[in-house]
Amino acid sequence: MITSHILVAEDDGPLGALLHYNLEAEGYQVEVVTRGDEAETRLMKNVPDLLVLDWMMPGVSGIELCRRLRARSETGRLPIMILTARGEENDRVLGLATGADDYLVKPFSMPELVARIRALLRRANPHALASVLAIKDLLLDRQEHRVLRNGCPVHLGPREYRLLEFLMMFPGRVFSRGQLLDSVWGDTISTDERTVDVHIGRLRKSINAGRSPDLIRTVRGTGYSIGYE
């Protein structure tokens, strides 16, 4: 199960619950916070795939948080959609100029919100829809369900294949063991985070056979990534 993680920062409780329900029904992993400073704290620890951000929130306003996120290298390219009741043209211009990727005025229809989120995720991560993923001499063909390293077949178990596919969708991005468990194993299986280390070890052994350079990077105290330094 490979899914996108969306953080929703919305201080309107019923609207936050509605967003959580509908986005989760679309297959996304959703987290909702009700304060701007709480959202900022979460983003310092874990960067989601997309942020849905209310303009007016306690703690830190959405527009100020957007400005701060764009100034940080870790969140500089994070897709951000601003939700607001302020529909004047100058407000929209300000929101987009501050760094938001999209701007939706309340009240809005849920199908439109979902469609815009899909579009933002597609633009932010074209690898998610690509039929072939490639990093240097490593190639993963989703249609034929096969992996090649320097043109030679690599034989992987089902779990190692899904683990490699997920990492290759986000080259250079570091994922914690917990994030990999949630995204590759899913929340239906209760397992220890050390299981990730075991499968990473098997994956490394398979794709590095023949003394090929190791493409998987271990970030001490954080997790794993593949590709780009």
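This is a predicted model: local features need pLDDT of at least 70, side-chain atom pairs count only at pLDDT 80 or more; totals for chains, interfaces and linings use all residues.
Although Gln29 and Ser4 are 25 residues apart along the chain, their C-alpha atoms are separated by 6.0 Å.

The packing of helices is considered next. Two packed helices are described by the angle between their axes and the distance between the axes. For α6 and α8, the axes come within 10 Å and cross at roughly 85 degrees, and the two helices are therefore roughly perpendicular to each other, a description that applies to angles from 65 to 115 degrees. On the side of α6 this contact involves Arg159, Glu160, Leu163, Leu164 and Leu167, which meet His199, Ile200, Arg202, Leu203 and Ile207 of α8. When the residues of the contact of α6 with α8 are sorted by class, 6 are nonpolar, 1 is polar and 3 are charged.

Helix α6 also packs against α7, where the axes come within 10 Å and cross at roughly 115 degrees, an angle that makes α6 roughly perpendicular to α7. The crossing of α6 and α7 is right-handed. Here Arg159, Arg162, Leu163, Phe166 and Leu167 of α6 meet Leu180, Ser183, Val184 and Trp185 of α7, and the contact of α6 with α7 comprises 6 nonpolar, 1 polar and 2 charged residues.

Because 7 of its 9 residues are buried, α7 is largely enclosed by the rest of the structure. The buried residues of α7 are Gly178, Gln179, Leu180, Leu181, Ser183, Val184 and Trp185, and these pack against the helices α6 and α8 and against β10 (175-176) and β12. After α7 comes Gly186, which has a positive phi, near 85 degrees.

Another pair of helices is formed by α2 (residues 36-45) and α3 (residues 62-71), which pack at an angle of about 20 degrees with their axes 10 Å apart. The helices α2 and α3 are therefore roughly parallel to each other, as angles under 35 degrees are described in this way. The crossing of α2 and α3 is right-handed. In this contact, Gly36, Ala39, Glu40 and Leu43 are supplied by α2, while Leu65, Arg68 and Leu69 are supplied by α3. By class, the contact of α2 with α3 holds 4 nonpolar, 1 polar and 2 charged residues. An α-helix has 3.6 residues a turn, so residues three or four places apart point the same way.

Technical notes
Residues are numbered from 1 along each chain as its sequence is written. Side-chain values use heavy atoms; hydrogens and water are left out. Axes are lines fitted to C-alpha atoms, for helices over the stretch in contact, and angles run from 0 to 180 degrees between N-to-C directions. Helices (H or I, at least four residues) and strands (E, at least two) are DSSP runs, numbered from the N terminus. Angles under 35 degrees count as roughly parallel, over 145 as roughly antiparallel, 65 to 115 as roughly perpendicular and the rest as oblique. A crossing is left-handed if the near helix is turned anticlockwise from the far one by less than a right angle, and right-handed if clockwise. Contact means heavy atoms within 4.5 Å. Ala, Val, Leu, Ile, Met, Phe, Trp, Tyr, Cys and Pro count as nonpolar, Asp, Glu, Lys and Arg as charged, and the others, Gly among them, as polar. Buried means under 20% relative accessible area, exposed over 50%, partly exposed in between (1.4 Å probe, protein chains only).
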